[in-house]
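Hi everyone, thanks for coming. Today I'd like to walk you through one protein model, piece by piece. Have a look at it first, and then we'll start with a question.

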Amino acid sequence: MTTTRRASVQGVVELHGVRKVHGTGDHAVTALDGISVGFSRGTFTAIMGPSGSGKSTLLQCAAGLERPTDGQIVLAGVDIGKQNEKQRTELRRKHIGFVFQAFNLVESLTAAQNVELPSRFAGRKVEPEQVASALASVGLTERANHRPSRLSGGQQQCVALARALVTRPDVLFADEPTGALDTVTSREVLRMMRMLVDREGQTTLMVTHDPVAASAADVVVFIKDGRIADRIPLDRDPRSNNAAVIAAHMARLEA
Ligand code: ADP
Ligand code: MG
């Protein structure tokens with residue numbers, strides 16, 4: 001089942017001929033239909049496409065949370081298909097961070113405790129300085145001892161970002177991170193994600209259906225019916241109207 005690694009696909013995350021079929025028999029759904037794409041270190045990529053086009057499946061497979069049916073995924077230089085369950089769990093803990101539309105914070109814990117929690121579960125000690133540094137990187141130093149209910153939705157998502165980044169992962173994966181936020185708080189989270197890329201070179205892959213959110217990225221990859229439909233690099237000049245360009249692409253894809 002090994003697919004030849006193509007030299008043209010390079011990056012800290014590489015997908016080589018990835019197929020993913022959900023279910024079997026009459027219920028089989030091909031979510032990814034032969035995807036080859038690489039994501040370079042230090043870049044921010046937005047993944048867009050119509051509903052059901054395979055965006056979440058792409059992210060889950062790329063992050064090693066789901067196994068592809070066929071093809072090869074290389075994460076931080078490691079072919080994850082060749083690893084056993086235990087090795088993959090370890091690889092995920094060390095190399096990836098994930099944020100979702102739902103912040104999934106524990107209400108009875110402070111922001112700092114929420115950031116620390118997953119590592120504690122994983123039996124790994126996180127130093128208080130690491131927690132402080134993760135919170136500082138998302139601008140929440142002053143809120144470290146606040147419980148989620150005392151924070152805005154945007155700040156809560158930033159706590160989730162800090163939690164994902166406390167282990168300094170090679171890649172941050174975000175599936176619709178602003179999906180539950182209003183325009184103003186969305187902007188706050190996107191500004192933070194952009195800053196993490198600019199200041200810390202945080203490789204970021206973000207699924208979104210919002211052209212404004214996608215315009216925070218360096219490049220937009222469009223997928224349709226489980227295949228790469230298009231890839232457009234964005235001009236980071238603040239005067240360029242990337243959101244309009246992206247919206248026009250989306251409209252064409254959905255037509
Ligand atoms: P998107 O995130 O772009 O909306 P998904 O990756 O969630 O798309 O889904 C792609 C396709 O795979 C859809 O047709 C969806 O219904 C199907 N699918 C996703 N997850 C599962 C699953 N666990 N079981 C069966 N089908 C699934
Ligand atoms: Mg999805």
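What covers the buried residues of H3? The cover includes H4 and H5. Keep in mind as we go that this is a predicted model.

Helix H3 runs over residues 111-121, and its buried residues are Ala111, Ala112, Asn114, Val115, Glu116 and Ser119. Just after H3 you reach Gly123, which takes a positive phi of about 75°.

Now let's go to the loop between helix H4 (128-137) and helix H5 (153-165), where you will find Pro148. Is Pro148 buried or exposed? Its relative accessible area is 2%, and buried means under 20%, so Pro148 is buried. Leaving out residues up to four places away in sequence, Pro148 touches Leu105, Val106, Glu107, Leu109, Asn114 and Gln156.

Gln157 has 0% relative accessibility and counts as buried. A polar atom of the Gln157 side chain lies 2.7 Å from the backbone oxygen of Pro177. Pro177 is also among the contacts of Gln157 beyond four places in sequence, together with Val99, Phe100, Gln101, Phe103, Leu181 and Val189.

Next, the strands. Strand S7 covers residues 171-175, and five of its five residues are buried, so S7 is largely enclosed by the rest of the structure. In a regular strand, side chains alternate between the two faces of the sheet. Here, Val171, Phe173 and Asp175 point one way from S7, while Leu172 and Ala174 point the other way. Which strands pair with S7? One is strand S6 (residues 96-99), which runs parallel to S7 and is joined to it by four bridges. Another is strand S8 (residues 203-207), paired with S7 in the parallel sense over five bridges. Find Val171 on your screen: it stands opposite Ile96, and it also stands opposite Thr203 in S8.

There is also an open sheet of four strands, in the order S2-S1-S4-S5, with antiparallel pairing. S2 and strand S5 (78-79) are at the edges with a single partner strand each, so one side of each has no neighbour in the sheet. Further in, strand S1 (residues 13-22) and strand S4 (residues 70-75) run antiparallel and are joined by five bridges. As an example, His16 stands opposite Gln72 in S4.

Let's zoom in on the polar contacts. The side chain of Lys55 has an N or O atom 2.8 Å from an oxygen atom of ligand 1. For Ser56, a polar backbone atom is 2.9 Å from a ligand oxygen. For Thr57, a polar side-chain atom lies 2.6 Å from an oxygen atom of ligand 1. On its own, ligand 1 has 560 Å² of accessible area, and the protein covers 57% of that.

Note on methods:
Residues numbered from 1 in each chain as written. Chains lettered and ligands numbered in written order. Predicted model: local features only at pLDDT ≥ 70, side-chain atom pairs only at ≥ 80, totals over all residues. Heavy atoms only, no water. Helix = DSSP H or I, 4+ residues; strand = E, 2+ residues; numbered from the N terminus. Buried < 20%, exposed > 50% of the residue type's maximum accessible area, 1.4 Å probe, protein only. Contact = heavy atoms within 4.5 Å. Polar contact = N/O pair within 3.5 Å; in protein donor to acceptor, adjacent residues only side chain to side chain. Areas by Shrake-Rupley, 256 points an atom, 1.4 Å probe, with all protein chains shown as cover. Pairing = 2+ DSSP bridges.
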